[in-house]
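Hi,

Here is the structure I promised to hand over. Please open it and keep it in view while you read my notes below.

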Amino acid sequence: MAKANGYAFDVKYYRTQNRDLNDLGMNDLELESHFKNSGYRENRPYAQTTETCEAMSMKWLRGRGLEIGAGKRPTKVFGDAKLEFGEYDREFAFGGARAQHWMDIGGEASDDLRQRFDFSICSHVLEHCDSLLRGIVNALDVVKADGLAYIVLPDKRYLGDKLFIDDFSLEHHLSEYERPLLYADLHDQAYMDYAPVEEYANEHATLASEYREQIRRRCISPEYRFMHHKHNYSFGKWTDIICGLQDHTGYFEIEDCGFGRDRLDCHFILRKSPNHEPCPPIIE
């Protein structure tokens, strides 16, 4: 049985999930040989998985990739895909232990990373950015023309975020693109008003005692601001905002999207325009 990255090739899944294979007129043994001869690098799903991120990765991500803010749950990649890691948090509060690049995905893009990768991944990262749209653009800036950005975002309906994060308009986000800290105080105050109810709970992060004390004093310093969410929406609202950015820039197309029922989150594959000039200013 052919395998790639430890996942057993499932010929029935391979055939049923990729209808174009029917045109090849191959039987099961020929299809398995076809997959094996490809070097396991086909952009097709080839094995059953219960996790949406694995299915998306298996289908779309190939070549050299950069995952930003992977924490303790880096995305699994398949075939010939290889990952490098970028981090903002040098203390690794969200877990993990390594990073090849230090970066702020919601800040200014790093020139030395532009157009270096075939794909990028931001999984449960962009909701922490003051400038959500700048984070999406930066995730696209690091990939080559026609490259992919794989973005995973939480769904507000299933988190405590629904109690304190407002549904902001596209205009709110467009303003933050030009001035990323424009609403920083608003975001922090909303969180601090809510935080005591949850006793600063965050099951995915190691919360420093200094951060807890800053919440009590109602003054969060810049080095800890990345810890809490600034924005969060339902799948439909995330889609509206990403489509709004697409309309304003023409910088990408939405290649695929879906709701991950295993983690109750939202998945988007964005393909960068072949015209890979830097993204123009969103607000003139």
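**What I found**

G69 sits in the loop between strand 3 (64-68) and strand 4. Please remember that this is a predicted model. G69 counts as partly exposed, at 23% relative accessibility. Which residues does G69 touch, leaving aside its neighbours within four places in sequence? They are G86, E87, S123 and V125. The C-alpha atoms of G69 and R218 are 26 Å apart. Along the chain, 149 residues separate G69 from R218.

**Two residues with positive phi**

R218 is not a glycine, yet its phi is positive, about 60°. Look for R218 in the loop between helix 7 and helix 8. R218 comes after helix 7. Is R218 buried, exposed or partly exposed? R218 is partly exposed, because its relative accessible area is 37% and that class runs between 20% and 50%.

F92 also needs a look. F92 is not a glycine either, and its phi is positive at about 55°. Its place is the loop between strand 4 (82-87) and strand 5 (101-102). F92 has a relative accessible area of 19%. Buried means under 20%, so F92 is buried.

**Helix 7**

Helix 7 covers residues 209-217. Which of its residues are buried? They are Y211, Q214 and I215. These three span an arc of only 100° around the axis, so they lie on the same side of helix 7. An α-helix has 3.6 residues a turn, so residues three or four places apart point the same way. Now turn to the face of helix 7 that points away from the buried side. That face carries the exposed residues S209 and R217.

**Helix 4**

Next, find helix 4, residues 132-141. How many of the 10 residues of helix 4 are buried? The count is 10 of 10, so helix 4 is largely enclosed by the rest of the structure. Among these buried residues are R134, N138 and D141. L132, L133, I136 and V137 are buried too.

What covers them? The cover includes strand 6 (117-123), strand 7 (143-154), strand 8 (252-260) and strand 9 (265-272). Helix 5 and helix 8 are also part of the cover.

**Helix 4 with helix 5**

The axes of helix 4 and helix 5 come within 7 Å. They cross at roughly 65°. On the helix 4 side, the contact uses L132, L133, R134 and V137. On the helix 5 side, it uses H173, L174, E176, Y177 and E178. By class, this contact has 5 nonpolar, 1 polar and 3 charged residues.

**Helix 4 with helix 8**

The axes of helix 4 and helix 8 come within 11 Å. Their crossing angle is roughly 65°. The crossing is right-handed. Helix 4 brings L132, L133, I136 and V137 to the contact. Helix 8 brings W238, I241, I242 and L245. Which classes of residue make up this contact? It has 8 nonpolar residues, no polar ones and no charged ones.

**Helix 5 with helix 8**

Helix 5 (residues 170-178) and helix 8 (residues 235-249) also pack together. Their axes are 10 Å apart, at an angle of about 55°. Helix 5 and helix 8 are therefore oblique to each other. Is their crossing left-handed or right-handed? It is right-handed. L170, H173 and L174 make the contact from helix 5. I241, G244, L245 and H248 make it from helix 8. The contact divides into 4 nonpolar, 3 polar and no charged residues.

**One more residue**

Finally, look at A55. A55 lies in helix 3 (residues 52-60). A55 is partly exposed, with a relative accessible area of 25%. The C-alpha atoms of A55 and Y13 are separated by 12 Å. The two residues are 42 places apart along the chain.

Best wishes

Note on methods:
Residues are numbered from 1 along each chain as its sequence is written. This is a predicted model: local features need pLDDT of at least 70, side-chain atom pairs count only at pLDDT 80 or more; totals for chains, interfaces and linings use all residues. Side-chain values use heavy atoms; hydrogens and water are left out. Buried means under 20% relative accessible area, exposed over 50%, partly exposed in between (1.4 Å probe, protein chains only). Helices (H or I, at least four residues) and strands (E, at least two) are DSSP runs, numbered from the N terminus. The arc is that of the directions from the helix axis to the C-beta atoms. Axes are lines fitted to C-alpha atoms, for helices over the stretch in contact, and angles run from 0 to 180 degrees between N-to-C directions. Angles under 35 degrees count as roughly parallel, over 145 as roughly antiparallel, 65 to 115 as roughly perpendicular and the rest as oblique. A crossing is left-handed if the near helix is turned anticlockwise from the far one by less than a right angle, and right-handed if clockwise. Contact means heavy atoms within 4.5 Å. Ala, Val, Leu, Ile, Met, Phe, Trp, Tyr, Cys and Pro count as nonpolar, Asp, Glu, Lys and Arg as charged, and the others, Gly among them, as polar.
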